[in-house]
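The sequence and structure are shown below.

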Amino acid sequence: MNGHPVKLGGVHHAAYRCKDAKETVEWYGRVLGMDYTTAFAEDHVPSTGEYDPYMHVFLDAGNGNILAFFELPNQPEMGRDENTPAWVQHLAFRAADENALLAAKEHIEAQGIDVLGPTHHGIFKSIYFFDPNGHRVELAADIGTDEQYAELKRVAPLMLDEWSETKTAPRHADWLHEIAREEHGKS
């Protein structure tokens, strides 16, 4: 047998908790244009058999990428990992290009939602906002070249090894910051 025994075909779905399934489905449809495709509702958890009624909803994020949510009315009120900063854990979706990103920002702000950005990351630009459940959402538009992505892939193992030893940010990709600074100077 050649290669690795596991061959992934992409992400089937990513599942998160929500406070209210109906509100969440409506928000992702209105704000991000996601189609609501499927619902599962059970009184008993199929994998464990325990009694814990839930509604499990699935939304299409495009290109076969599915985002799912669980509403769990019998569990304690939904919280978040207070030891992790709010900016760390997030859902990031692809925007077609920079113009689409700016149009999305305008649309989302028109819904009364605070939007941060665009933030320039050298090879992509992003905007950030929060859904009604407190999940941070990012829209990102790729702007890098094939050569830039290849260079990042080349230095990734070197950066990880250095980080593992020092726990300080390696400087292999500092050129990303230069790109962002140069563009910022133009505007």
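## A loop residue with positive phi

N63 lies in the loop between β3 (51-60) and β4 (66-71). Helices (H or I, at least four residues) and strands (E, at least two) are DSSP runs, numbered from the N terminus. Phi of N63 is near 55°, a positive value in a residue other than glycine. N63 is exposed, with a relative accessible area of 80%; exposed means over 50% relative accessible area, buried under 20%, and partly exposed in between (1.4 Å probe, protein chains only).

A second residue of this kind is K167, in the loop between α3 (146-166) and α4 (175-186). K167 has a positive phi of about 55° although it is not a glycine, and K167 is likewise exposed, its relative accessible area being 52%. As background, most residues other than glycine have a negative phi, and most peptide bonds are trans.

## Basis of the model

The model is predicted: local features need pLDDT of at least 70, side-chain atom pairs count only at pLDDT 80 or more, and totals for chains, interfaces and linings use all residues. Residues are numbered from 1 along each chain as its sequence is written, and side-chain values use heavy atoms, with hydrogens and water left out.

## Overall architecture

The protein contains four helices and eight strands, arranged along the sequence in the pattern β-α-β-β-β-β-α-β-β-β-α-α. The C-alpha trace spans about 55 × 50 × 35 Å along its principal axes. Of the 187 residues, 29% count as buried. Among contacts (heavy atoms within 4.5 Å) with a separation of 6 or more, 49% are between residues 24 or more positions apart.

The accessible surface comes to about 12,500 Å², of which 53% belongs to carbon and sulfur atoms; areas come from the Shrake-Rupley method with a 1.4 Å probe, and for residues only the protein chains shown count as cover. There are 16 positive and 31 negative side chains, and the centres of the two sets lie 5 Å apart. Here Lys and Arg count as positive and Asp and Glu as negative, while His and the chain ends are not counted; the place of a charge is taken as NZ of Lys, CZ of Arg, CG of Asp or CD of Glu.

Strands β1 and β4 run parallel and are joined by five bridges; A14 has L67 in β4 as its bridge partner.

Strands β7 (residues 124-130) and β8 (residues 136-142) run antiparallel and are joined by seven bridges, one of which pairs Y128 with E138. Strands β6 and β7 are also antiparallel, over three bridges, and T119 has S126 in β7 as its bridge partner. The hairpin of β6 and β7 has three residues between the strands, and G122 there takes a positive phi near 85°. Strand β6 also holds P118, which is joined to G117 by a cis peptide bond with omega of about 15°.

## Contacts of E98

E98 belongs to helix α2 and is partly exposed, with a relative accessible area of 32%. Leaving aside neighbours within four places in sequence, E98 is in contact with K125, A141, I143 and E183. E98 and K125 are 27 residues apart in sequence and 7.3 Å apart in space, C-alpha to C-alpha.

Terms used. Pairing = 2+ DSSP bridges.
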